Amino acid sequence: ISFDFPMSSKEALSLKFLRVTKQYLPHVARLCLISTFLEDGIRMWFQWNEQRDYIEATWSCGYFLAACFVLLNLLGQLGGCVLILSRNFVQYACFALFGILSLQTIAYSILWDLKFLMRNLALGGGLLLLLAESRGEGKSMFAGVPSMGEHSPKQYMQLGGRVLLVLMFMTLLHFDPSFISILQNLVGTALIVLVAIGFKTKLAALTLVLWLFAVNVYFNAFWMVPAYKPMHDFLKYDFFQTMSVIGGLLLIVALGPGGVSMDEKKKLW
């Protein structure tokens with residue numbers, strides 16, 4: 001029995017896009033992915049006093065520990081970004097950013113805000129994809145870890161990264177009875193399911209990139225808000241978080257869904 005699926009014109013167009021951008025797409029994906037950490041590290045520098053005072057007031061931890069927290073965030077994020085962009089010690093840089101993401105989730109009480117928690121988990125998914133990509137470059141720091149059945153740990157990282165990454169889109173769904181909203185929810189849900197299970201993955205991920213970029217530019221246009229207004233920082237934070245998720249999706253477009261996916265199984269059928 002043949003399970004071949006005919007290639008649609010949209011899929012052919014996405015493959016043509018991949019051929020044209022093959023050399024540049026992974027670099028663009030990595031830059032987008034680390035953009036929120038880069039922006040946050042720079043913000044720690046320019047808002048040192050405000051960040052330190054907030055941590056000191058929230059946790060009553062004293063001036064010294066609050067300053068250490070801000071310094072750790074500043075150096076950890078900027079240092080991790082430099083290592084990732086220069087392709088040096090990428091796996092260690094990913095773990096450092098994982099640690100800072102977890103620390104911020106607790107320190108800024110994101111753990112109790114479902115929307116921001118899901119977005120942070122989506123960021124973690126992007127880092128997981130970056131970590132999986134780095135495993136194919138040189139010697140892995142997990143070289144001694146046995147593979148699980150026919151799949152390597154890298155492929156399970158790609159699966160986990162895909163599943164976490166689509167959590168970003170759960171925060172964009174709007175539950176109101178208008179036709180446009182219902183249509184957007186249906187199409188968006190279908191696309192995130194395709195990415196999560198790894199079916200028509202590159203086409204679905206590329207479509208989500210275009211959709212999310214348009215939504216991001218429209219709703220998070222921080223450059224249109226004066227810098228002295230609190231909304232400016234909020235929109236800027238949201239904008240770069242979304243760009244990081246776009247970077248993760250671009251990694252999926254560039255590298256594929258990995259072995260634990262329907263696209264991979266389809267080759268065996």
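**Close-up views of a predicted model**

**View 1. Cysteines in the model.** At 1% relative accessibility, Cys81 counts as buried, a word used for under 20% relative accessible area, with exposed meaning over 50% and partly exposed in between (1.4 Å probe, protein chains only). Cys32 is buried too, with a relative accessible area of 13%. How many disulfides are there? The count is zero, taking a disulfide as a pair of cysteine sulfur atoms within 2.5 Å.

This is a predicted model, where local features need pLDDT of at least 70 and side-chain atom pairs count only at pLDDT 80 or more, while totals for chains, interfaces and linings use all residues. Residues are numbered from 1 along each chain as its sequence is written, and side-chain values use heavy atoms, leaving out hydrogens and water.

**View 2. Helices α3 and α4.** Helix α3 (residues 48-59) packs with helix α4 (residues 62-86) at about 125°, their axes 8 Å apart. Angles run from 0 to 180 degrees between N-to-C directions, and axes are lines fitted to C-alpha atoms, for helices over the stretch in contact. The residues of α3 that meet α4 include Trp48 and Ile55; contact means heavy atoms within 4.5 Å.

**View 3. Helices α5 and α6.** Here α5 (residues 90-107) and α6 (residues 114-134) pack at an angle of about 170°, with axes 9 Å apart. The two are therefore roughly antiparallel, the term for angles over 145 degrees. Look for Phe95 and Phe98, among the α5 residues that meet α6, and for Leu127 and Leu131, among their partners in α6.

Key
Helices (H or I, at least four residues) and strands (E, at least two) are DSSP runs, numbered from the N terminus. Angles under 35 degrees count as roughly parallel, over 145 as roughly antiparallel, 65 to 115 as roughly perpendicular and the rest as oblique.
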